[in-house]
Amino acid sequence: MHLYRRCTIAVCAFLCFGTLFAGQPLYTIPVEYHTLGNGLKVVLAADHTSPTVVVAAYYNIGFRIEPKGKTGFAHLFEHLMFQGSENLGKMEFIRLIQKNGGILNGSTRFDFTNYFEVVPSHKLETILWAEADRMKGLAITQENLVNQQGVVKNEVKVNVLNQPYGGFPWLDLPQYANTNWNNAHNFYGDLADLDSANLNDVKSFFNTYYAPNNAALVLYGDIDTKDALAMVTKYFGTMQPSTLPPKPDIAEPRQEQEKRVTKKDTLAFRPAIAFGYHVPERNTPEYYAMGLLDQILLQGDDSKLSQMLVKKKGFTSGVGGGINLLGNMFNYNGPMLWMGSLIYDNTVPADTIIAAWDDVINGIRQKQVDQKTLDRALVKLRSDLYDNFSGLFGFGTADLLASFALFDNDPGRINTLEENFKNVTPELLQKTAQEYLRPTNRTILVIEPKTGK
Amino acid sequence: MLFFGLTIAAAQKQTPPEGGTPKDFTLPKKQVITLRNGIEAVLVPYGNLPKVTISVVVRSGNMNEKENQVWLADVTGDMMKEGTATRSAEQMAEEASSMGGSVNINVGDDQTTIGGDVLSEFGPAMVRLLADVARNPLFPESELERIKNNFLRRLTVTKSSPQQLTFEQFRKALYGDHPYGRIFPTDNILKSYTIGDVKKFYADNFGAPRTTIYVAGKFDAKEMEKAIRSSFDGWKKGSKPLINVPKAHAHKSFHLVERPGAPQSTIYLGLPVMNPANKNYVQMIVTNTLLGGYFSSRVTANIREQKGYTYSPSSQISSRYHDAYYVQTADVTTDVTGPALKEIFYEINRLQQEAPPIDELRGVQNYLAGTFVLQNSSRQGIINQLAFSRLQGIGDNYLTNYVKNVLAVTPAEVQHIAQSQLRDDEMTLVITGDRAKVEKQIEEYTKDTPMEKK
């Protein structure tokens with residue numbers, strides 16, 4: 001639903017303890033992890049800084065593997081989770097949270113759909129009851145389905161169809177860069193597909209994927225973990241697990257040829273360009289190296305691409321991007337792209353931009369970065385990770401805990417990320433750049449604007 | 001009705017458990033330091049996370065621009081990042097990154113913030129860097145063309161956004177020739193700015209008398225105070241802030257921005273209302289929230305959740321120094337532009353005709369009380385709250401009494417605010433959309449209404 005959200009670019013986040021910071025106390029999150037009898041993964045972490053608690057329910061289903069022929073369905077379904085359950089009618093869940101002094105939202109991403117609230121800590125039980133109510137079952141009418149189809153179509157219009165650079169590059173580029181349908185379809189939804197969704201689809205989707213053994217529940221904030229676990233067990237413990245279908249094949253073959261696509265955008269008046277590279281498999285040494293490459297190349301005013309494209313060449317006022325534009329480098333579980341993009345001027349050919357981009361990329365592929373650059377990248381990562389933790393009143397921490405529970409069965413990973421990044425050497429960085437930043441691994445998308453302005 | 005899932009539907013609905021009793025909430029304590037040159041620094045320790053946010057807030061912005069100087073404040077702000085007397089732009093960038101942050105310069109209507117958010121151990125070093133940026137900008141002429149070109153591009157890109165085009169006309173209608181009404185420059189005006197203009201704008205509008213420093217997060221208070229004093233004490237130059245409160249007068253007006261083939265109409269409907277210095281301002285906030293300011297609001301429940309006309313309805317009280325307006329915005333399916341407008345007016349009138357039920361009001365009040373805690377539970381949030389009350393001259397009391405004042409608002413007061421402030425026959429309406437499809441739909445609301453001059 002992401003109530004009033006535009007797509008935002010998330011920065012790659014990370015914790016570092018290089019020799020620069022010897023003696024600085026380690027910032028750790030006290031993680032408690034339980035799995036209920038029905039398979040529900042429960043993560044509890046106490047932080048009493050503010051009298052609030054984040055409650056986050058993550059289901060291990062996103063738009064990547066939504067039903068073929070029903071593009072946008074997982075996201076539409078997310079909206080429907082707010083439309084009524086056994087004991088809460090339409091809008092009643094939302095009203096319950098807000099009138100108890102809380103905020104809420106949900107979002108559909110590649111590999112999960114999440115529903116989260118930030119509420120005053122003394123209202124924890126109220127919110128757990130409500131979240132359990134909708135995990136147990138939905139109760140929605142045809143009228144509500146039609147209503148949310150209208151809402152979602154308007155969401156697609158306001159964010160994409162009526163907006164210059166509407167889906168650029170977060171929605172467009174994966175469709176060109178990937179070949180497996182699961183990774184390459186329009187996950188916001190073709191309007192016709194959204195219209196074709198019916199109540200049977202909704203029922204089937206819920207019964208298949210919205211079960212405790214396909215979910216993680218995270219409580220982070222001003223809680224007593226013992227009381228919290230008792231409450232969670234009370235409200236969620238009696239639900240029955242379901243049989244999950246076999247996972248579809250989501251692999252992307254190794255890209256062997258550079259792809260270049262030009263897309264016309266009649267709402268834009270300036271050209272834009274995006275580069276997308278397939279990133280290494282999650283949690284491998286090369287994956288951590290990729291996170292550091294992102295910092296060195298793209299994050300911050302000091303990044304190499306900023307210095308070249310903004311400062312030196314004056315092509316643009318900013319280069320944006322990162323690993324996973326719909327989240328960060330930790331909260332997805334399948335093939336992913338590292339993307340960088342910029343808006344430039346009609347007077348500059350795309351090839352000129354590409355040449356300058358290549359200058360920088362070739363530099364990092366041919367010559368090892370010095371330790372100073374690597375150290376600075378580690379500092380930026382650490383700072384970004386802290387920002388991630390505190391983002392949206394602590395939701396950022398809950399998000400990482402949920403992702404690590406769902407994908408790795410190990411939410412405690414949140415405190416151990418640093419070691420892997422610290423282990424990245426200049427040699428590994430260069431080796432990773434040589435393989436993953438090679439031209440045949442990339443897709444270039446050029447936006448051709450409306451001419452005559 | 002379709003029930004499905006893992007339990008059998010019960011005949012009687014359960015009610016949610018009540019939850020516990022609220023904990024006391026007090027605003028984070030602050031320490032105020034006054035420098036010899038009169039600059040005040042407000043330091044707020046907050047949280048365990050080892051980060052600190054530093055904001056050097058200068059009481060200058062677009063409101064200091066003369067008529068042919070639209071965006072000169074922004075150009076000046078960007079030029080301040082192009083180096084100081086002792087640091088090149090690249091050095092500045094690397095230095096800030098090495099602390100885990102960046103130098104950010106944000107230009108607004110009334111205030112410009114020079115700030116950064118770094119790892120705690122670098123707090124004092126960041127203060128010194130920010131002081132250098134604020135006090136000793138180099139303004140290298142060699143970078144001006146590139147910066148101006150960035151703004152030319154930004155102007156073109158911004159003016160391709162339907163929301164920005166609507167906003168531009170709305171502000172123009174409310175504020176006319178006042179700086180708040182001048183949203184976009186022309187290409188030629190942008191091109192005309194010289195390095196002399198930038199230097200003069202800086203000299204006229206930056207200095208100790210206009211500056212307040214905020215620090216929030218985890219930091220060593222002694223070291224921060226030392227760094228602040230040693231970096232900012234010597235900054236004497238500068239004039240007092242310019243006061244220029246607009247004479248915004250509410251008047252019924254209408255403007256259509258043409259967007260042929262648009263699948264949605266972007267709607268802005270609103271008028272000037274009481275500003276934050278008014279003792280009843282909290283009543284205005286509560287009324288706005290109930291009407292359209294949060295998801296459970298009347299307008300949202302109507303045009304989004306009931307009718308599906310839109311994804312993005314929202315109303316807000318937008319404020320500047322001793323000035324504010326109410327505006328309801330929404331991007332609605334083109335074919336229902338008229339019906340959406342009808343429902344918005346219906347909700348405004350309904351609130352004028354009948355005081356809201358106490359339960360509905362309590363929900364709004366609890367929501368505002370709860371989100372007030374959240375607004376004071378982040379470094380940036382704390383700074384925003386303090387800077388707001390300081391700008392408006394309403395002091396600490398506004399924040400310490402906010403929740404109490406919210407909870408004290410009565411249904412009758414809400415109705416009275418709707419009647420006295422949200423006078424729909426004095427509202428400005430701006431729509432960006434497909435004229436051919438929209439004109440007839442909204443005839444009822446635009447006939448006898450003067451079209452705004454372009």
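Student: How many residues of chain B are in contact with chain A, and what makes a pair count as a contact?

Tutor: In this predicted model, 72 residues of chain B are in contact with 76 residues of chain A, a contact being a pair whose C-beta atoms, placed from the backbone, lie within 7 Å. Residues are numbered from 1 along each chain as its sequence is written, while chains are lettered from A and ligands numbered from 1 in the order in which they are written. Because the model is predicted, local features need pLDDT of at least 70 and side-chain atom pairs count only at pLDDT 80 or more, whereas totals for chains, interfaces and linings use all residues.

Student: Which elements supply the side of chain B that touches chain A?

Tutor: Two or more residues each are given by β1 (2–5), α2 (89–98), α4 (144–158), α10 (298–306), β11 (323–333) and α12 (358–375) of chain B.

Student: What share of the residues in chain B is buried?

Tutor: Buried residues make up 50% of the 454 residues in chain B, with buried requiring 20 or more other C-beta atoms within 10 Å of the residue's own, exposed 12 or fewer, and partly exposed a count in between.

Student: Where do the domains of chain B lie, and how far apart are their centres?

Tutor: The assignment, which is automatic or from a database, gives domain 1 (31–232) and domain 2 (253–446) of chain B, and 29 Å separate their centres, taken over C-alpha atoms. The contact takes 23 residues from domain 1 of chain B and 23 residues from domain 2 of chain B. On the domain 1 side, β3 (40–45), β4 (51–58), α5 (162–175) and β7 (211–217) of chain B each supply at least two residues, and α5(B) provides the largest share, nine residues. By type, this side of domain 1 of chain B holds 13 nonpolar, eight polar and two charged residues.

Student: What do the corresponding values look like for chain A?

Tutor: Chain A is assigned domain 1 (19–236) and domain 2 (259–400 + 409–449), with 27 Å between the centres over C-alpha atoms. Here the contact takes 34 residues from domain 1 of chain A and 34 residues from domain 2 of chain A.

Student: Which residues have the most contacts inside the largest nonpolar core?

Tutor: A nonpolar core is a set of buried Ala, Val, Leu, Ile, Met, Phe, Trp, Tyr and Cys residues joined through C-beta atoms within 7 Å. The largest one has 210 residues, and those with the most contacts inside it include A:Val43, A:Val218 and A:Leu401. Helix α14 (residues 395–408) of chain A gives this core its largest share, nine residues. Leaving aside residues up to four places away in sequence, A:Leu401 touches A:Val31, A:Val43, A:Ala45, A:Val218, A:Tyr220, A:Pro411 and A:Ile414. Another core, of 55 residues, lies apart from the largest one, with B:Leu43, B:Val107, B:Ile147 and B:Ile228 among its members.

Student: How do you know that the buried residues of α16(A) line one face of the helix?

Tutor: In helix α16 (residues 426–436) of chain A, the buried residues are A:Leu429, A:Thr432, A:Ala433 and A:Tyr436. Seen down the axis of α16(A), they fall within an arc of 100 degrees, so they line one face; the arc is that of the directions from the helix axis to the C-beta atoms. A:Glu427 and A:Gln434, on the other side of α16(A), are exposed. The cover over the buried residues of α16(A) includes β9 (272–278), α10 (285–298), α12 (350–366) and α13 (371–390) of chain A.

Key. Two residues are in contact if their C-beta atoms, placed from the backbone, lie within 7 Å. Helices (H or I, at least four residues) and strands (E, at least two) are DSSP runs, numbered from the N terminus. Ala, Val, Leu, Ile, Met, Phe, Trp, Tyr, Cys and Pro count as nonpolar, Asp, Glu, Lys and Arg as charged, and the others, Gly among them, as polar.
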